[in-house]
Amino acid sequence: MRTKSGEFVLPGDALGVTEEFVPSDWTYEDEGKIRSLVAGTVSVDQKNKRISILPRTNYPSLLKRGMVVFGQISEVRGQRALIKIEGAKDSNRSLQTSFSGGIHISQAEKGYVSKLTDEFRIGDLVEAKVTKIIGLDNVDLTTAEKELGVIKAMCTNCRHFMKKLSKNETICPNCGRKERRKLSSKYEG
Ligand SMILES: [Zn+2]
């Protein structure tokens, strides 16, 4: 399994192994293999050991590993919080495709987390960093950095925005309820 520059590939085609190459634009990692996300032409950068794809179609936008995105929590399951991504920070281009992201409980913050609902709740606005591209419109995210996490928390009782009380605690100015969150150091309000 070794593709060459110029070769035409389809979504899911194996391009190389992560021991040898770094996945770059329009590729993703899958159990040690680098695969193409889209139909297009392979570009192998031997010097920097990067494999990328020049897509056949012009896709309107692209999320990359390491980008900070913002969005709203749409669901909190046992091990995973789901986010509807609304945009990438420090980017003028808005995302014209809708992306969804997931934060695994181990990526919510540094250290042990027993309940994901102590970190995020539905409706919260968050900033998170892309750690892995899973599909064309799906990424894995982390908030385990000081400046990442909830930037606006919503009261689960009355849906008002919460005020920051301490590093990990918020209070509702409307009903007085206190709730825990993984707050960003840039929490607004
Ligand atoms: Zn409230």
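## A three-stranded sheet

Let's start with an open sheet of three strands, ordered β2-β5-β4 and paired in antiparallel fashion. Strands here are DSSP runs of E with at least two residues, while helices are H or I runs of at least four, and both are numbered from the N terminus. Two strands pair if DSSP finds at least two bridges between them. At the edges sit β2 (14-17) and β4, each pairing on one side only. On average, neighbouring strands of this sheet are turned by 30 degrees against each other, direction ignored. Angles like this run from 0 to 180 degrees between N-to-C directions, with axes as lines fitted to C-alpha atoms (for helices, over the stretch in contact).

Now for one of the pairings: β4 and β5 (residues 33-36) run antiparallel and are joined by four bridges. Asp-30 has its bridge partner in β5, namely Lys-33. In general, strands of a sheet pair through backbone hydrogen bonds, either parallel or antiparallel.

## What you're looking at

This is a predicted model, where local features need pLDDT of at least 70 and side-chain atom pairs count only at pLDDT 80 or more, though totals for chains, interfaces and linings use all residues. Residues are numbered from 1 along each chain as its sequence is written, and side-chain values use heavy atoms, leaving out hydrogens and water.

## The zinc site

Which residues hold the zinc ion? Its protein donors are the SG atoms of Cys-155, Cys-158, Cys-172 and Cys-175, lying 2.3 Å from the ion. (Donors are N, O and S atoms within 2.8 Å of the metal, or 3.2 Å for Na, K and Ca; water is not among the atoms, so sites may look incomplete.) Along the chain, the zinc donors follow the spacing C-x2-C-x13-C-x2-C.

The site is tetrahedral, with angles of 99 to 120 degrees among the four donor atoms. That label applies to four donors if all angles lie between 85 and 135 degrees. For four tetrahedral donors, the ideal angle is 109.5 degrees. Are these cysteines buried or exposed? Cys-172 is buried, at 3% relative accessible area, whereas Cys-158 is partly exposed at 23%. (Buried means under 20% relative accessible area, exposed over 50%, and partly exposed in between, using a 1.4 Å probe and protein chains only.)

## Salt bridges

How many salt bridges are there? The count comes to 14, where a salt bridge is a side-chain nitrogen of Lys or Arg within 4 Å of a carboxyl oxygen of Asp or Glu. One of them joins Asp-25 and Lys-64, at 3.6 Å from N to O. This pair links distant parts of the chain, 39 residues apart: Asp-25 is in the loop between β3 (22-23) and β4 (27-30), and Lys-64 in the loop between β7 (50-55) and β8 (68-76). Asp-25 is partly exposed at 27%, and Lys-64 is partly exposed at 37%.

Glu-145 also pairs up with Lys-129, their closest N and O atoms being 3.2 Å apart. Glu-145 lies in the loop between β12 (138-142) and β13, and Lys-129 in strand β11 (residues 125-135), so the pair ties together parts that are 16 residues apart in sequence. Salt bridges that share partners also join Asp-124, Arg-177, Glu-179 and Arg-181 into one network.

How values were computed. Tetrahedral: all angles 85-135°; square planar, octahedral: opposite > 155°, others 65-115°.
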